[in-house]
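Welcome! Take a look at the structure below, and then we can walk through it together.

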Amino acid sequence: MAKERARWINLAFQLGAIVTALLFSTLIMLLAGAPPLQAFKEIILGAVGSTDNISNVLVAWVPLLLSTTGLLVTFTAGLWNIGIEGQITLGAIFCTWALRLNQQSILPPWIILVRSILMGMFGGALWAALVGALKTFGGVNEIFGGLGMNFIATAITLWLIFGPWKRPGIGSMSGTEPFPQTLWLPVFPNLRLSLWSVLLGILALIVIYLLLQGTYFGLRLKAVGNNLRAAFRLGIPTWQNTMTAFILCGSFAGLAGAIQVTGVYHRLIPSISSGYGFLGLMVAMLINYQAVWVAPVALFFAALNIGSIQLPIVLKLDSSLSGVLQGSLVLFVLIVDGIRQRVLGRKS
Amino acid sequence: MNFNLILIGLAGVLSAASPVLFATIGETFSERSGVINLSVNGTILLSAMFSFAVALKTNSLILGFLAGMAIGALVALVVAFSSITLHQSQVAVGFVLTLMCRDLSYFLGNSIMGMSAPTLPSLAIPGLVKIPILGPLLFKQDLMTYLSYLLIFLAWIWIFKTRPGLVLLGVGERPAAAYIRGANVKKIRYLYTALGGALVGLAGPIYSLSLKAGWKGTISGLDGIGWIALAITIFGGWNPIRAAFGAYLFALLQWLGLVLQPSLPNIPSQVLQVAPFPLMILTLLLVNLGNTEWVVRTLAGMPPRTRRFVSRLLRSMRSSPPSALGTPFENQ
Amino acid sequence: MEVELHNIYKTFGMVRANIGINLKVPAGSIQSILGENGAGKSTLMKVLSGFIQADSGEILLNHQPVIIQSPADAIRHGIGMLHQDPLDFPPMKVIDDFILGRSGSLFLPRKEAGKEFMALQQKFNFSIDPETYVDTMTVGERQQLEILRLLWLGAQVLILDEPTTGISALQKEKLFETLRLLASQGMTVIFVSHKLEDVENLCDRVAVLRRGELVGEVLSPYDTTQLVELMFGKILTLGERQSCNTEIPAFELKDLEIEDYRMKIEGVNLKLCKGEVIGLAGMEGSGQGILLRACCGLVRPVAGKVMVDGHNLSGKSYHDYMEKGVAFLPASRLEEGLVPGLTLAEHFILAESQQGIFINWKRVYAQTEQRISDFAIHGRPTSKVETLSGGNQQRAILALLRNPLSVLLLEHPTRGLDIESTIYIWDKLKERCRQGASIIFISPDLDEILQYSDHILVFFSGRVSPPLDANNTSVDHLGQLIGGKGWSDTFVA
């Protein structure tokens with residue numbers, strides 16, 4: 001009986017958080033002189049109003065899915081992998097590198113693509129391993145280590161785009177020379193969406209779900225994340241598990257970066273990670289790190305992003321409204337959760 | 001190169017560093033009390049936009065700057081409240097806020113892009129400005145730059161030379177011991193986090209009402225300054241004077257990047273600007289260097305003279321964070 | 001200043017820490033508060049020093065009732081407390097630590113305070129350099145600093161909590177001189193310690209606490225036996241014991257030497273046979289904890305050997321010891337033994353050896369159910385460990401132990417448990433002994449030590465007694481040793 005009541009109370013708090021977030025966002029819209037209902041309508045239309053839109057949502061869904069999935073691994077191990085943006089970027093860089101090396105090769109394109117994507121995963125894993133090493137052997141907190149590596153990754157990207165990999169003539173912010181169509185990830189006719197990227201994203205989610213729920217490794221990771229000392233006492237090699245978590249997350253991030261290069265932009269551009277890493281952190285926080293919710297919430301966030309693209313055109317609003325909505329959801333869920341713990345804690 | 005041009009450039013470096021100074025010294029205060037405020041990046045953007053909007057509407061610079069301070073303090077208070085009272089993670093809340101405030105600034109500021117508001121005038125200090133070389137360098141600046149000079153010393157004096165400053169150091173080091181000595185740890189954390197936020201909030205208007213006047217949204221070039229301020233706070237060892245050194249170094253590198261651009265067309269200026277981050281990582285490595293087991297073991301094996309010299313060297317390089325940074329505090 | 005505690009009651013959950021304590025301490029006297037671990041001394045002192053508030057009762061200073069709601073209040077009324085581990089600021093300079101907390105001018109009067117500091121410390125013959133850093137000082141010097149600071153703030157009552165742990169004999173002499181001088185000037189000194197010799201040397205009066213109650217007040221000169229009897233109570237009946245069968249020791253310590261920042265333990269020699277139980281007696285912090293951790297690789301010995309089943313494992317890691325069949329059960333169950341957030345079943349999975357990549361949940365749940373009924377744990381496989389009671393957590397920890405084991409190291413195995421759980425746990429442990437495991441355990445409860453051990457080692461300030469035959473020793477004898485008396489040579493740190 002008490003458990004049922006506790007469930008309803010929790011649900012009430014969570015709904016309260018969502019409602020508060022919506023009210024806050026509406027308030028912000030009014031402040032900006034925007035008509036709230038119309039804005040919501042435009043976002044929904046922008047997301048699902050046409051086949052093009054839906055496909056774009058799915059295109060945005062994949063990298064977000066991959067980064068959130070990877071982050072679940074690091075969160076389970078008790079880590080704040082802020083460096084994920086850099087890991088996506090390095091994935092893109094390594095993938096581009098592999099593609100460039102193989103552009104003139106006689107191998108069938110699909111082999112080149114597979115190799116390059118694998119290289120991308122390796123690049124992301126490598127970048128993450130650096131953060132992990134800094135933490136394990138240098139005692140550098142992964143938040144600041146990751147942050148620093150993010151900026152270094154951006155610097156490397158810019159150097160490559162304006163330096164050794166610049167387009168013939170002069171380097172520009174539009175990125176490197178685009179790859180020939182043969183080296184593009186195959187897409188649906190007339191759309192930017194690739195079936196392969198969606199499949200890879202879903203596959204990644206399933207793999208991680210199984211890993212975390214059903215394997216010894218997943219359980220060990222959970223122990224390390226919850227209580228490092230006791231985990232050590234139970235015989236778990238702690239730093240090895242931490243490093244593995246970083247490498248695993250990094251490879252998924254790298255995969256996201258590789259997909260961005262082969263499936264979406266077909267070249268290396270500055271800020272190729274497009275904020276999907278940080279957005280993944282937000283999704284993970286919002287779903288309280290439960291794997292079941294990754295797909296739908298990531299889809300929702302992707303829909304918000306794509307849906308808002310229309311706003312400047314149809315309503316003269318900035319598209320960062322999606323960021324406001326996403327941010328307020330996470331913020332109020334966190335705050336209301338804190339209030340709930342305080343209020344209920346006192347009662348018990 | 002023309003000497004005068006260099007002087008003008010360097011003077012520009014001093015004023016370009018001033019917003020970073022405000023942000024990093026503000027964050028130093030906050031972290032010294034034990035609270036990490038990760039929302040700095042978003043706060044600077046939001047305060048830049050908001051103070052510009054207020055200055056636009058009221059045609060008053062003072063109100064604009066005050067508005068910036070208010071926003072900075074408000075955002076910091078959200079972080080403080082969530083972590084000190086609600087016991088949520090400082091990192092989580094700060095991180096969400098940094099992204100959300102950035103998006104808020106772009107969204108709300110959309111309608112005021114491209115407009116012009118009053119800007120901060122240059123105020124040469126009569127007399128002092130006539131000093132050869134140093135005069136035009138230091139004393140031909142605007143009000144906020146002068147205030148930034150003052151801030152460095154005031155902050156340093158406050159933290160290291162006053163009684164309440166000593167209490168602040170104690171709270172950050174060992175809240176339990178500070179509590180025993182009568183300090184209200186929670187109140188102190190709230191106060192300094194809000195103060196830190198207010199100072200960060202002043203960085204925004206320095207950009208939008210002076211250095212990069214106006215609000216240009218996503219191409220304002222302000223995105224990232226807050227992260228740099230966080231890095232400099234660490235590199236500065238939570239000491240205002242060393243942080244100032246870091247801020248000036250960063251501004252200098254930025255300027256050098258622009259100056260050397262023609263001779264190095266293949267390297268965009270952004271590359272040099274990344275410098276604070278490897279420095280920050282290096283600092284963090286050195287912080288823990290004295291504590292790692294292999295270092296302790298090698299030290300034990302050294303002859304006493306060398307050991308004393310090396311440990312003194314390590315101690316001076318060590319810029320330990322306040323030991324209680326990020327940890328919650330509950331009195332028994 | 002005369003201090004009176006009147007009818008102090010304090011309960012923490014199920015534990016009654018202070019039950020109706022009435023104590024009057026005249027001004028200028030040195031009062032000792034004596035008692036074993038858990039007797040209620042630290043609770044009482046925390047109440048007096050403002051750290052916690054009593055549930056009922058009052059505090060009177062010079063016959064005036066006062067309300068003390070925080071440590072700041074306490075010092076304002078003149079009550080200063082010197083903690084066992086001084087609550088100071090290691091990275092700061094002495095002079096800054098000294099000034100911190102004292103109200104006054106805005107700017108730090110480092111120079112004047114420095115002068116006052118030097119003048120003050122001269123009175124007591126201390127020699128602390130105000131410019132050194134606190135973390136480079138010894139424990140004794142940090143204590144001296146705290147005393148000076150409390151005096152400077154106007155303390156008229158000085159509470160010292162186990163001050164002589166970890167300081168040299170010379171520093172102890174100096175401390176006693178200081179305290180006697182202060183008492184002669186009217187300071188009321190309250191000396192909380194378990195070291196009988198120190199108490200007998202220094203204090204004018206002794207108040208003994210046992211299980212939360214004040215059981216006796218004695219004036220000097222003292223009869224040690226009387227003190228021990230008051231502290232520990234009467235002897236319980238002794239249980240049956242295992243005698244040693246085999247020749248090869250299951251576990252051996254040879255000339256072991258361990259060091260931590262507070263004390264040095266040297267010359268420990270121990271031989272454990274299969275099935276033997278060794279109890280480590282002594283006040284908390286006398287060295288048993290470190291020794292136990294050295295026996296499983298969590299602490300690296302400075303010299304000497306640790307042999308498990310004839311293998312030399314000195315210097316190896318904790319996981320190496322685990323592989324050789326050594327298990328360590330820490331006292332803080334949720335901090336070091338169990339992982340909060342994980343269920344019982346998940347713990348069992350982690351404790352067993354890996355079988356494939358994927359977890360067979362069905363098998364795991366069945367197995368967990370079996371263990372739960374074997375160990376009579378009140379919980380389900382899906383219960384998170386932090387929701388279990390202390391007794392059930394301890395049963396769970398025992399249930400997680402592998403089979404077979406060579407050596408079981410238990411740190412406070414029955415801490416916080418009711419009698420039923422205690423008896424049950426020991427039944428299970430004796431079962432293990434019959435299967436060939438040897439046990440070394442720490443307990444503050446002398447009855448438990450005497451009842452279950454074959455041999456006993458007593459710890460006092462880093463000194464370890466040779467193994468005493470539990471058959472031939474008494475609570476009295478143990479109590480004296482724990483209090484520092486009856487050791488063949490004089491105590492030198």
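## Chain A on its own

Helices (H or I, at least four residues) and strands (E, at least two) are DSSP runs, numbered from the N terminus. Counted this way, chain A has 14 helices and zero strands. This is a predicted model, where local features need pLDDT of at least 70, side-chain atom pairs count only at pLDDT 80 or more, and totals for chains, interfaces and linings use all residues. Residues are numbered from 1 along each chain as its sequence is written, while chains are lettered from A and ligands numbered from 1 in the order in which they are written.

Along its principal axes, the C-alpha trace of chain A spans about 70 × 60 × 30 Å. Of the 348 residues in chain A, 54% are buried (20 or more other C-beta atoms within 10 Å of a residue's own, with C-beta atoms placed from the backbone).

## Where chain A meets chain B

Here, 41 residues of chain A are in contact with 36 residues of chain B (two residues are in contact if their C-beta atoms, placed from the backbone, lie within 7 Å). On the chain A side, the largest share, twelve residues, comes from H14(A).

## Two helices in chain C

Now find helix H8 (residues 224-232) and helix H17 (residues 475-482) of chain C: they pack at an angle of about 100°, with their axes 9 Å apart. Axes are lines fitted to C-alpha atoms, for helices over the stretch in contact, and angles run from 0 to 180 degrees between N-to-C directions. Among the residues that meet are C:Val228 in H8(C) and C:Gly479 in H17(C).

Conventions. A residue is buried if 20 or more other C-beta atoms lie within 10 Å of its own, exposed if 12 or fewer, and partly exposed in between; C-beta atoms are placed from the backbone.
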